[in-house]
Amino acid sequence: MSALLESLIELIRRSSAEIPDDVNEALVRSLESEKKGTIAESAMRIIERNIELAKRKSQPICQDTGSVIFYVTCPVDYDQLTFEEITREAVKEATRKGFLRQNSVDSITGKNDGTNLGLGSPTVHFHQHRSGETEVRLVLKGGGCENVGAQYSLPHEKLHANRDLDGCRRVILDAVLQAQGRGCGPGVLGVCIGGDRATGFEFSKQQFLRMLGDRNPDPTLDALEQDILKTANELGIGPMGFGGRTTLLGVKICAANRVPASYFVSVSYMCWAFRRQGIQLDAASRIARWLY
Amino acid sequence: MPPLESLVGFIEFRFPAFLAMHPLVAPFTAAKIRALNVGDEVFLTGTVFTGRDAVHKYLHEGGKLPPDINLRDGILYHCGPVTLKDEHGHWKVTAAGPTTSSREEPYQAQIIGDFGVRAVIGKGGMGERTLAACKEYGCVYLHAIGGAAQVLAECVKRVRSVHFMEEFGAPEAIWELEVEAFPAVVTMDSHGNSLHRDVLAHSQAELARRL
């Protein structure tokens with residue numbers, strides 16, 4: 001088995017079975033903040049036990065192992081075609097080993113061939129850079145939280161949302177309200193203001209690669225992130241929508257340019273089972289270090 | 001009173017049985033189900049049948065169940081488990097949390113009525129039509145913890161059978177599972193109460209004050 005194949009299977013295994021430290025810390029804080037003796041607290045306790053169990057048994061945290069999305073940062077002369085071939089092999093093998101559910105369905109025939117391979121599964125985004133390092137990040141995004149994502153076109157008359165920051169705030173908070181507990185909260189929002197219908201969602205998902213505790217370098221977006229987080233947690237939706245103090249663990253917002261006619265706000269929701277890991281590869285494609 | 005405390009207080013007032021622990025053991029009779037109230041935490045022991053999007057659509061369109069599956073007084077679980085065959089050829093469930101139930105809202109009320117289902121397990125809650133069916137036929141909605149696939153898989157003691165594997169694929173198949181002390185919360189009861197409806201109304205009002 002090639003070193004790259006082995007590294008990628010290990011990346012998939014760990015992504016599926018282990019919550020990254022930054023997210024785990026936020027979940028522990030959330031458990032501590034829930035009122036004792038409530039079903040919200042009980043839900044957080046089960047979540048905590050689940051995280052521990054999945055790690056110990058090296059099995060999926062959640063049975064919906066989600067869309068398999070790779071983000072690869074590589075040198076300019078990197079062989080992307082070979083990488084993609086080996087990635088597909090790694091996904092197939094990880095599925096056979098039970099790190100991934102047989103999760104990819106032909107949209108027309110409804111057939112699931114059990115390999116997790118097909119157009120768009122997995123998805124691999126390549127970004128070249130001038131450094132010699134190769135980094136591979138992986139996000140496994142479950143369907144429950146993907147379904148509560150939303151894209152708003154401003155102005156939005158019903159929500160009184162104009163093409164300004166207050167309008168963005170209104171629609172983002174509407175997305176939180178509409179999601180209730182269905183996205184498996186407490187969750188994390190990734191938001192893109194601007195872009196087109198495709199890039200808006202693409203950039204909103206890339207926000208999940210940020211560390212949960214980081215701060216947005218743009219003071220305007222940073223203020224909006226903090227405001228949405230605080231306000232969402234005052235709504236009382238709580239873990240699983242049971243009512244409670246933690247509705248969101250974090251909010252990450254970016255802005256992309258738009259054409260004058262369009263003003264989209266794209267909101268992606270990540271469940272508490274926030275599966276994201278990354279590796280830096282050495283020259284022999286072995287895992288040099290973990291990124292989260 | 002700060003808003004969040006008021007919500008917690010509101011739920012405790014509205015649902016005094018809040019966080020009471022209830023073992024719920026087969027057979028699942030109408031009397032046992034009618035005795036449950038929103039906010040009760042149950043630990044379920046008995047047989048459950050998984051069924052999600054493909055199964056609901058199939059039954060809604062008049063599809064027949066295999067003769068050895070009887071949903072009368074049964075429990076339907078919105079779940080697509082991760083399953084592996086062990087070295088002896090026996091199925092083993094390695095991850096088995098709930099999937100989002102609202103997708104089955106167009107079908108659920110009819111299926112509860114037609115098949116005599118006593119409880120639906122899922123996540124995220126369901127709508128008014130399902131709530132009305134719960135009241136009419138004596139059924140409850142049990143909310144399992146979404147994403148808690150390992151804790152819930154540990155409660156699955158045996159896979160008794162699997163049906164529709166070929167047609168629908170493993171996640172969408174009907175898996176007959178023996179569970180023990182499976183934790184869930186009653187969020188919709190047979191008396192017309194829904195925690196989801198109440199939390200939505202409350203959070204809507206709280207948001208309106210902050211816009």
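A: Let's begin where helix H7 of chain A begins: there, a side-chain oxygen of A:Asp196 comes to within 2.9 Å of the backbone nitrogen of A:Ala198. Keep in mind that this is a predicted model.

The helix itself covers residues 197–206 of chain A, and its buried residues are A:Gly200, A:Ser204 and A:Lys205. Look down the axis of H7(A) and those buried residues fall within an arc of 125°, so they line one face of the helix. As a rule, an α-helix has 3.6 residues a turn, so residues three or four places apart point the same way. What do the buried residues of H7(A) pack against? Their partners in chain A are strands E1 (67–75), E3 (134–141), E5 (187–193) and E7 (264–270), along with helix H5 (143–147).

Now for the place where the chains meet. Chain B puts 54 residues into the contact and chain A puts in 47. Together they bury about 4,200 Å², with 63% of that on carbon and sulfur atoms. There are two salt bridges between chain B and chain A; one of them joins the side chains of B:Glu154 and A:Lys57, at 2.8 Å from N to O. You'll also find 17 residue pairs in polar contact across this interface. On the side of chain B that touches chain A, the elements giving two or more residues include helix H1 (3–14), strand E9 (174–188) and helix H8 (195–208) of chain B. H8(B) gives the largest share, eight residues. Sorted by class, that side of chain B has 27 nonpolar, 16 polar and 11 charged residues.

Note on methods:
Residues numbered from 1 in each chain as written. Chains lettered and ligands numbered in written order. Predicted model: local features only at pLDDT ≥ 70, side-chain atom pairs only at ≥ 80, totals over all residues. Heavy atoms only, no water. Contact = heavy atoms within 4.5 Å. Buried area = accessible area lost by both parts, 1.4 Å probe. Salt bridge = Lys/Arg side-chain N within 4 Å of Asp/Glu carboxyl O. Polar contact = N/O pair within 3.5 Å; in protein donor to acceptor, adjacent residues only side chain to side chain. Helix = DSSP H or I, 4+ residues; strand = E, 2+ residues; numbered from the N terminus. Nonpolar A, V, L, I, M, F, W, Y, C, P; charged D, E, K, R; others polar. Buried < 20%, exposed > 50% of the residue type's maximum accessible area, 1.4 Å probe, protein only. Arc of directions from axis to C-beta.
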